[in-house]
Structures are given as structure tokens and as C-alpha cells.
Amino acid sequence: MSRPHDEPVRLVRPHPDGLPWNRPPEPGQVDPAVLGALLHRHGWQRRGGAAGRYGRWTPPGPCAGGTSLLVPESRTFPDSDDLLGEALYALARSATPSAREVLIALAVPSDEIRWWRDTPSGPEGAAPWTVEEQLRGAARQMLLAGALATRARAGYHGARHRRPAAALLENVLVGPTTDGRRLTAFVPVHAGRPLAVRLHQALYAVREAIDYQRATGTMDAFDGAVEAGVSRELTEAIGILVRGTQGARVSLAWAPAAGVPEGCAAPVEPVEFSPGDLPVLRAAGARYLRAEPSVPVRITGTVVRLRRSGPRGEGTVRLRVLAGADIQHVRAILGEEDYRIAGHAHLVGLPVRVRGRLERRGGFRRLTGACGVVPVQVDEGERDRLTKSLQENLDFFEEAYGAGDGG
């Protein structure tokens with residue numbers, strides 16, 4: 001078998017050993033002040049040293065033993081590179097989880113988001129599988145809600161903006177976990193700082209809206225919180241984080257190498273939630289779902305599936321969206337003539353344009369009142385690609401055109 005010369009080469013993921021966070025940073029690339037700030041953040045204790053020259057740091061907890069690091073305070077110290085090299089080597093060899101987190105933050109300057117859940121621990125500190133899974137699921141959904149809020153302000157996003165939001169999470173790193181109660185995410189500054197800032201603002205807005213509801217009995221504060229990035233997706237994520245616990249909190253620490261973003265505080269106080277917040281969070285999510293309106297759109301897409309119960313009448317089509325809406329696929333019920341046009345466009349490898357309203361029910365995946373279907377001309381290269389896709393999916397088309405179907 002051979003590959004045509006003009007066919008693009010498939011991109012291959014880099015080997016894990018080649019990724020920057022799997023390689024200890026070089027001493028010349030490390031700012032001693034940043035290393036000291038990260039050690040302090042992760043619980044290391046400074047225990048003496050020559051003032052103005054270097055400090056002696058020991059790890060947190062019972063793993064400390066005789067381990068210690070000598071970290072210069074600046075590069076003016078004559079042996080700073082040697083001390084930094086020894087410190088980085090010791091961190092790479094250390095068994096304490098915080099050492100790994102410090103190395104990750106040095107290799108990829110990142111804002112750190114931490115989740116903590118007050119749940120009973122298992123024997124010898126082990127965590128049940130479901131507890132660990134729930135923590136990771138809540139953290140991922142919370143990050144996704146923050147990423148969605150960087151794309152648009154909406155009380156309910158549904159399927160909209162999912163692809164670019166998910167792409168924003170691809171560079172997020174997860175720190176080591178030990179007991180299923182704590183989790184740390186490293187959000188790289190160069191690509192993810194807008195996500196961290198938006199999530200920071202949204203979490204505080206949720207906390208304030210809950211407190212306002214408890215004080216006044218009204219949910220009005222949640223309406224204004226949408227501008228801060230609050231959404232149904234975020235309230236659901238907080239609910240997952242809190243459910244089954246005696247309390248949970250989320251904290252954020254800015255990357256010392258990048259400084260504090262404009263308009264944000266330093267240090268950032270943790271945001272705490274309790275099981276008593278769950279009824280308000282559920283009510284807020286339902287309120288956002290009701291309030292988010294359907295959206296008039298004109299979508300351009302390729303027909304990937306057609307279905308109707310007989311040879312005549314209306315039918316259902318599924319489009320892969322190319323333009324007009326920030327979703328990947330949409331379903332629509334078309335009248336007989338529009339369905340016929342969509343079928344013919346599919347046969348010859350052309351996309352179609354259709355008008356309708358993107359309905360919030362079902363997550364903005366359904367087009368209601370769809371009409372005005374017209375084929376859209378494309379260049380020859382794109383048309384050949386679409387036709388090839390049709391040939392690979394002929395089984396879909398058999399659902400639309402059976403025996404005796406002349407339309």
C-alpha cells in the first residue's frame with residue numbers, strides 16, 4: 001500500500017518524553033525568585049540560610065526527612081547556577097508530590113487551580129474509585145465552563161462553542177493526586193490565562209449570588225452574574241463538586257513568572273461551597289435554561305444523514321455545520337421540497353444553506369422552522385472531498401432513498 005504524493009501527512013502526537021513538562025528545566029532558564037515563590041506556595045518551609053544570598057528549604061509533611069534545597073535569592077550569588085542545578089535535581093528525585101508540582105510550574109509557567117472536597121477518606125488514606133472520578137469530572141466540567149465563558153456570555157451554552165472550548169483545555173496539565181480529595185490543574189499562561197481569569201471571576205460571582213439569594217430570597221443576582229461568566233454549565237459543575245461532601249472549595253494562584261492579571265487580586269482567597277448551596281445552584285441552572293432564547297440563524301452545512309418514513313412528505317436531516325452557528329452538528333425537519341433539494345445536494349457533494357431557529361431545548365442541536373434550503377457552490381477540491389465523504393457513508397443514504405422513492 002502506498003500513500004498518494006499529494007495527500008497531506010497525518011499529524012502525529014509528540015512522544016511524551018519530548019514534552020516540556022517531562023523535562024526538568026535547565027538552571028539557566030530558572031528565575032531563583034520564581035522558584036522560591038513556588039516552593040513557598042506548595043508548602044515548603046524556609047529554614048535559615050545566608051540572608052541576601054540563599055535560603056534552605058525543606059519539603060512539607062512527614063516526607064521531609066533530611067532532604068533540603070539550597071536556593072539562591074538571585075543570580076548575583078556567584079554559585080547560583082550550581083545551586084539551582086542541585087535543587088532541580090533534588091526536586092526531580094524527591095518522593096513528595098509537591099516537588100513534581102513545582103517542576104511542572106517551572107517547565108510551563110501556569111496559573112494553578114486547586115479543588116478540595118471534604119469527604120471521608122478510605123483505609124490508609126485511599127479513596128473510592130467513584131470519589132476520585134467525581135472530583136476529576138467536576139474539575140473538568142468547571143474548566144470547560146470557564147473556557148465557554150471566554151467565547152461568549154450566556155446563561156446556557158449547550159452545544160455552542162464546544163469545539164474551541166475543548167481545544168483550550170488540551171494544554172491544561174493535571175498534578176499528581178493522592179487521596180481523591182485534592183486536585184490541581186496547571187493552566188499555561190500563554191494560552192489559558194483568559195480561562196483562569198474568567199473562571200476566577202465567575203466563581204466569585206456565583207458565591208455572591210448564592211449569598212444574595214439567602215439574604216433576600218430572590219434569584220436576581222444570577223442574571224447579572226452571566227456577564228461575569230456564570231452559566232448553567234458552571235452551576236452544574238459546582239453541584240457535582242459539592243454533592244456527597246461536607247463542603248468544597250476552589251482556589252487559584254497566579255503564575256509568579258507572569259504576575260497578577262489586570263483587575264485581579266493577589267493573593268486570591270479560596271471560594272467555598274457547601275451542600276446547603278445545592279438547592280440554589282439547581283434553581284439557578286433551571287433559570288438559565290428557561291431564560292436563554294432560541295436564536296435565528298442561517299446555517300451552511302453538509303448533509304450527513306437523511307431519514308423519512310416514506311417516499312413522500314417531510315423528513316429529518318442532520319447537517320455538519322460549516323458556518324452560521326458555533327456548533328458541530330444540527331438536526332432539522334424539512335418539508336418535502338426542501339428535503340428533496342437537500343438529498344440531491346448530498347448526492348452531488350454540495351453543502352446547503354438553510355434558515356431557522358436554533359432551539360435551546362436539546363442543547364441548541366435542533367433547528368426549528370427550517371426552510372429555504374438552497375445548494376451552495378464550492379471549489380472543485382472541496383467538492384471532491386465532500387463526494388468522497390459521501391461514498392464512504394452510503395449506508396446513511398439508504399435510509400433516505402429506498403425502493404420506489406422518486407423524490
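Visitor: How many helices and strands does the chain have?
Guide: The model is a predicted one. Its chain holds 407 residues, of which 44% are buried. As for secondary structure, the count is twelve helices and 13 strands.

Visitor: Among contacts between residues at least 6 apart in sequence, what percentage join residues at least 24 apart?
Guide: The contacts considered are those within the chain between residues at least 6 apart in sequence. Of these, the share joining residues at least 24 apart is 68%.

Visitor: Are α4 and α8 roughly parallel or antiparallel to each other?
Guide: Helix α4 spans residues 129–151 and helix α8 spans residues 232–242; their axes lie 8 Å apart at an angle of about 160°. Angles over 145 degrees count as roughly antiparallel. The two helices α4 and α8 are therefore roughly antiparallel.

Visitor: What is the handedness of the crossing of α8 and α9?
Guide: Helix α9 covers residues 278–291, and its axis is 8 Å from that of α8, at an angle of about 155°. This angle makes α8 and α9 roughly antiparallel to each other. The crossing of α8 with α9 is left-handed.

Visitor: Which residues of α8 meet α9?
Guide: From α9, the residues taking part include L278, L281, A284 and L289. The contact of α8 with α9 comprises eight nonpolar residues, three polar and one charged. On the α8 side, the residues are R232, T235, I238, G239 and V242.

Visitor: Is L88 buried or exposed?
Guide: L88 belongs to helix α2, residues 80–93. Leaving out residues up to four places away in sequence, L88 touches P25, E26, P27, V30, L103 and L106. Its relative accessible area is 4%, and the cut-off for a buried residue is under 20%. L88 is therefore buried.

Visitor: What distance separates the C-alpha atoms of H42 and S98?
Guide: H42 sits in the loop between α1 and β1, and is buried with a relative accessible area of 8%. Apart from neighbours within four places in sequence, its contacts are P60, S98, E101, V102, E112 and R114. H42 and S98 are 56 residues apart along the chain, yet their C-alpha atoms are separated by 5.9 Å.

Visitor: In which loop does H161 lie?
Guide: H161 is not a glycine, although its phi is positive, about 65°. H161 is buried, with a relative accessible area of 11%. Its place is the loop between α4 and α5.

Visitor: What is the relative accessibility of F364?
Guide: F364 is found in the loop between β12 and β13. Its phi is positive, about 60°, although F364 is not a glycine. F364 counts as buried, and its relative accessibility is 0%.

Technical notes
Residues numbered from 1 in each chain as written. Predicted model: local features only at pLDDT ≥ 70, side-chain atom pairs only at ≥ 80, totals over all residues. Heavy atoms only, no water. Helix = DSSP H or I, 4+ residues; strand = E, 2+ residues; numbered from the N terminus. Buried < 20%, exposed > 50% of the residue type's maximum accessible area, 1.4 Å probe, protein only. Contact = heavy atoms within 4.5 Å. Axes fitted to C-alpha atoms, helices over the stretch in contact; angles between N-to-C directions. Parallel < 35°, antiparallel > 145°, perpendicular 65-115°, else oblique. Left-handed = near helix turned anticlockwise from the far one by under 90°. Nonpolar A, V, L, I, M, F, W, Y, C, P; charged D, E, K, R; others polar.
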